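Colleague: Hi! Could you walk me through this one? I'm new to reading structures.

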Amino acid sequence: MSMRIGVVTFPGSLDDRDAQRAVRLAGAEPVALWHADADLHGVDAVILPGGFSYGDYLRCGAIARFSAVMDSVIKAAGDGLPVLGICNGFQILCEAHLLPGALTRNEHLHFRNRDQWLRVESTSTAWTAGFQAGQEILIPVKNGEGCYVADRRTLDELEGSGRIVARYVRGNPNGSQRDIAAVRNEAGNVVGIMPHPEHAVEALTGPSVDGLGFFTSVLAHLGAHA
Amino acid sequence: MARVVVDVMLKPEILDPQGQAVAGALPQLGIGNVRSVRIGKHIEIEFDGEADLDRAREIADKLLANPVIEDFTLRVEELEEADQ
C-alpha cells in the first residue's frame, strides 16, 4: 500500500498542487487536506505548502496557525508525525511554535525569485535523510518575507544541536541570519524550509530534480518506521 | 462599547527594513534631521460593554504580536459620546 501524504490547502495557498504533484512523483498518494477540517484523514505525513494563507494578513502564517487543521497538525507533530512546511508553511510552523524563530521582511525589501543553491547540513530528519551531509542542491526560492531571525541564544542552540537543516550558499537571498534556509525540531520530524523543493522535481519545469529528495526521504523514513 | 488600543512594535534588536526605507526617502522631502524610523501596528479592539483588558491582553499575546520578534503595549481608550 502506498504512503499517503496530506497537503493542506489554506485560503491563499498557491503551491498545494505542486506539492501534491511532487508527492505523486516520489511514489506516494497525495491527500488534499482542508484548513477548516480538523480531520487529517489518517495520512502518514503532512505538508504545509507555500502561498499567502489568509492573505498574509497581520503576519505571514499568524492566522493560519489558528485554523482547525493546525490544531490537529500540532498535536500529531508532537506524536512524531512528519511535517514539512515550505515557505508560507515554514512561517506557519514558526507561528505555531513547532519551530523556533520567525520569518521577517527580506532585508533588502525586494521579493526574491531565483534558483538558489543550498547546502544540506542535517540529514537526521524525516525529510532530508536521503541527502548526504554537506550536499549542495539547487532549488527555487521565491519570497518577500523569508529573512530568518531568532535571538542569539536560539541560533547558537540550533547550531550546537545540528538543527540547521540547510543554509544558503553562493549568496543569501533574503538576509536570513547565519544563512539559514531550513531548520528542524528536536525530534527531526518537523522541518521548515524557505525555498521550494516541490518546484525542483522534474527536468521540464525545475532547475534540477534535487527537491525530490525531500519527498523520497520521508517515504523511506515512513517505510523504516512502519 | 469600550475600546482597547494595542500597539505592536518590532523589538529594538530586530531589523526594520520598512522603517529604513521610509527614513531613506525623507531627504527627498527636504528633511535631514531624522535619525531613524520604525514601523509598527496600531490595533483598535472594541468590546461590547466594559473594556476587558485581560481578554485584550490574551488576543495581543496569542495573535496580534509574535513574541519572538515583537513587543506590544495596550491601553483603554476613552470614547467620546459621539463615537458611541
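**A chat about the model**

Modeller: Happy to! This is a predicted model, and in it 11 residues of chain A are in contact with 9 residues of chain B.

Colleague: What classes of residue are on the side of chain A that touches chain B?

Modeller: That side of chain A has 5 nonpolar, 4 charged and 2 polar residues.

Colleague: Okay, new topic. Which residues does UniProt list for "active site"?

Modeller: An unreviewed UniProt entry lists A:Cys87, A:His196 and A:Glu198 under that name. They span 112 residues in sequence, yet no two of their C-alpha atoms are more than 10.9 Å apart, so they gather at one spot.

Colleague: Where does A:Cys87 lie in chain A?

Modeller: A:Cys87 is in the loop between strand 4 (83-86) and helix 3 (88-95) of chain A.

Colleague: And is A:Cys87 buried or exposed?

Modeller: Buried: A:Cys87 has 28 other C-beta atoms within 10 Å, and the cut-off for being buried is 20 or more.

Colleague: What is A:Cys87 in contact with, leaving aside its neighbours within four places in sequence?

Modeller: With those neighbours left aside, A:Cys87 is in contact with A:Gly50, A:Asn143, A:Met194 and A:His196.

Colleague: Then where is A:His196?

Modeller: A:His196 sits in the loop between strand 11 (190-193) and helix 5 (212-224) of chain A. A:His196 is buried as well, with 24 other C-beta atoms within 10 Å. Leaving aside neighbours within four places in sequence, its contacts include A:Asp15, A:Gly50, A:Ile86 and A:Cys87.

Colleague: Let's zoom out. How many helices and strands are in chain A?

Modeller: Chain A has 5 helices and 11 strands. Its radius of gyration is 16 Å, close to the 17 Å that the globule rule gives for 226 residues, so chain A is as compact as a globular protein of that length.

Colleague: How much of chain A counts as buried?

Modeller: Of its 226 residues, 57% count as buried.

Colleague: And which residues have the most contacts inside the largest nonpolar core?

Modeller: Those are A:Val46, A:Leu93 and A:Ile193, in a core of 73 residues. Helix 5 of chain A gives the most to this core, with 5 residues. There is also a second, separate core of 10 residues, which includes B:Val4, B:Ala51, B:Leu64 and B:Phe72.

Colleague: Why would nonpolar side chains be buried together?

Modeller: I can only give you the general pattern: in soluble globular proteins, nonpolar side chains tend to be buried together.

Technical notes: Residues are numbered from 1 along each chain as its sequence is written. Chains are lettered from A and ligands numbered from 1 in the order in which they are written. This is a predicted model: local features need pLDDT of at least 70, side-chain atom pairs count only at pLDDT 80 or more; totals for chains, interfaces and linings use all residues. Two residues are in contact if their C-beta atoms, placed from the backbone, lie within 7 Å. Ala, Val, Leu, Ile, Met, Phe, Trp, Tyr, Cys and Pro count as nonpolar, Asp, Glu, Lys and Arg as charged, and the others, Gly among them, as polar. UniProt positions are given in the numbering used here, feature names are shortened, and annotations may be inferred rather than shown by experiment. Helices (H or I, at least four residues) and strands (E, at least two) are DSSP runs, numbered from the N terminus. A residue is buried if 20 or more other C-beta atoms lie within 10 Å of its own, exposed if 12 or fewer, and partly exposed in between; C-beta atoms are placed from the backbone. The radius of gyration is taken over C-alpha atoms; the globule rule is 2.2 Å times the number of residues to the power 0.38. A nonpolar core is a set of buried Ala, Val, Leu, Ile, Met, Phe, Trp, Tyr and Cys residues joined through C-beta atoms within 7 Å.
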